[in-house]
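User: Could you walk me through this model with a few questions and answers? I am new to reading structures.

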Amino acid sequence: MTPAENLLRVEDLKLYYRASRGLVQAVDGVSFGLGRAEALAVLGESGCGKSSLARAILRLLPRNVATCSGRVLLENADIMALDEEQFRQEVRWVKIALVAQAAMNALNPVLKVGDQVTEPMTFGRGVTKEAALARAQEVFHLVGIPLDFLHRYAFELSGGMRQRAVIAMALVLHPAVVILDEPTSALDVLTQANIMNALKRIKAEQDMSFLLITHDIAAASEVADTVAVMYAGQFVEVSAATRFYRKPLHPYAQLLLASVPRLRDEERPEFIPGQPPSLIGPPTGCRFAARCPFRMPQCDEEPPMLKVELAAPGSESRQAATPSGSTPPGTRNSEPGTSLGAPPLRTRNPELETSLVKCWLHA
Ligand SMILES: Nc1ncnc2c1ncn2[C@@H]1O[C@H](COP(=O)(O)OP(=O)(O)OP(=O)(O)O)[C@@H](O)[C@H]1O
Ligand code: SF4
Ligand SMILES: [Mg+2]
């Protein structure tokens with residue numbers, strides 16, 4: 001594992017809600033690593049647990065939580081171990097900020113946008129009004145909002161400008177990680193592209209990392225360095241974006257990509273038959289089995305997250321796979337630091353690209 005991947009490490013994260021019919025296993029054993037100035041896009045269908053993942057990392061939990069467990073390490077410090085007050089003072093907004101799903105619709109209609117953007121700095125953090133305003137101007141510039149919009153109300157802004165304003169609000173304390181939950185849904189494609197380009201620039205210029213939650217596969221390709229595909233509460237593939245968009249490995253990821261319409265392609269987009277399973281008592285074995293065209297008897301058992309190495313373009317190396325976190329010592333795949341469940345996304349061999357895939361086909 002490279003030092004860059006140590007910025008944020010999530011290990012075996014679980015978030016279950018209590019519901020009248022049983023436990024909703026919204027996030028079930030999710031692990032990943034995120035490096036500095038990197039963007040990880042989390043893709044998945046509605047209801048697969050994407051927003052719950054953000055909630056679990058930031059401990060923004062509703063009252064009916066039954067289980068919230070696992071480890072979340074920020075710069076190698078376990079932030080799950082902090083008490084609520086420490087977490088609020090030292091982590092939330094300060095080191096990890098959130099642009100919540102549909103946040104642009106939650107801007108306060110009776111406060112000027114500038115007052116709302118400066119609030120994370122002035123509220124309980126002792127930043128003077130002048131310093132906060134100067135920082136607000138900086139972040140407005142970063143996200144591409146004219147400075148006079150600081151003095152406007154939310155209803156005077158277009159949807160795209162409101163979305164930029166909530167992104168600006170997340171940036172004001174210069175967090176190391178920003179979680180963006182569907183930042184471009186409900187916006188037209190041109191505005192989506194502009195916002196994605198702004199994020200790409202901010203990531204590089206400000207040394208910030210993004211966890212970009214979206215079901216928009218095409219928009220995510222603009223900014224993602226790594227892609228994680230989530231299905232029924234679990235990650236089923238984690239791949240470098242260059243690999244993922246060229247050659248997704250998990251059958252669900254393949255079908256997901258095939259469902260995206262392409263302008264210059266004769267082929268019609270495919271749809272994925274069936275529905276995801278209920279997260280209350282999900283099936284044992286592979287959760288995608290009921291919809292998978294490659295299903296085989298072994299799929300009745302839950303596949304482990306397999307580490308798959310494939311030749312990078314232009315290299316002759318062959319494929320190899322081992323269960324992630326249980327790699328036998330001395331094998332080609334073994335690397336220090338993989339046993340905690342958030343393995344590296346790159347190998348030391350530049351000829352090989354590493355993906356994590358939860359599917360027996362790759363065993
Ligand atoms: N407070 C709650 N109590 C019970 N179930 C919940 C609660 N919040 C979410 N869920 C359920 O947890 C599952 C995951 O929800 P979540 O909002 O994380 O999905 P999502 O992937 O973000 O969906 P979308 O793309 O539609 O935003 C869903 O089945 C949802 O109904
Ligand atoms: S484990 Fe089996 S059912 Fe699941 S995705 Fe792989 S082949 Fe399909
Ligand atoms: Mg959501």
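Predicted model: local features only at pLDDT ≥ 70, side-chain atom pairs only at ≥ 80, totals over all residues.

User: Is histidine 174 buried, exposed or partly exposed?
Analyst: We count C-beta neighbours inside 10 Å, and histidine 174 has 14. A buried residue needs 20 or more, while an exposed one has 12 or fewer. Histidine 174 is therefore partly exposed.

User: What is the phi of histidine 174?
Analyst: Histidine 174 is not a glycine, yet its phi is positive. The value is about 50°.

User: Where is arginine 59 found, and what is its phi?
Analyst: Arginine 59 is found in the loop between H1 and strand S4 (65–74). Arginine 59 is partly exposed, with 18 other C-beta atoms within 10 Å. Although arginine 59 is not a glycine, its phi is positive, at about 55°.

User: Which element gives the largest share of the shell around ligand 1?
Analyst: There are 17 residues around ligand 1, and Tyr17, Ser46, Lys50, Ser51 and Ser52 come nearest. Strand S1 (8–19), strand S2 (22–34) and helix H1 (50–58) each supply at least two residues of this shell. The largest share, 3 residues, comes from H1.

User: How many polar residues does the shell around ligand 1 have?
Analyst: Sorting that shell by class gives 7 nonpolar residues and 1 charged residue. The polar residues number 9.

User: What about ligand 2: which residue around it is the charged one?
Analyst: The shell around ligand 2 divides into 11 nonpolar residues, no polar ones and 1 charged. Its members include Pro251, Cys286, Phe288, Trp360 and Leu361, along with Arg295.

User: Which residues does leucine 40 touch?
Analyst: We leave out residues up to four places away in sequence. Leucine 40 then touches Phe32, Leu34, Leu211, Leu212, Ala224, Thr226 and Ala228.

Technical notes:
Residues numbered from 1 in each chain as written. Chains lettered and ligands numbered in written order. Near = placed C-beta within 6 Å. Helix = DSSP H or I, 4+ residues; strand = E, 2+ residues; numbered from the N terminus. Nonpolar A, V, L, I, M, F, W, Y, C, P; charged D, E, K, R; others polar. Contact = placed C-beta atoms within 7 Å.
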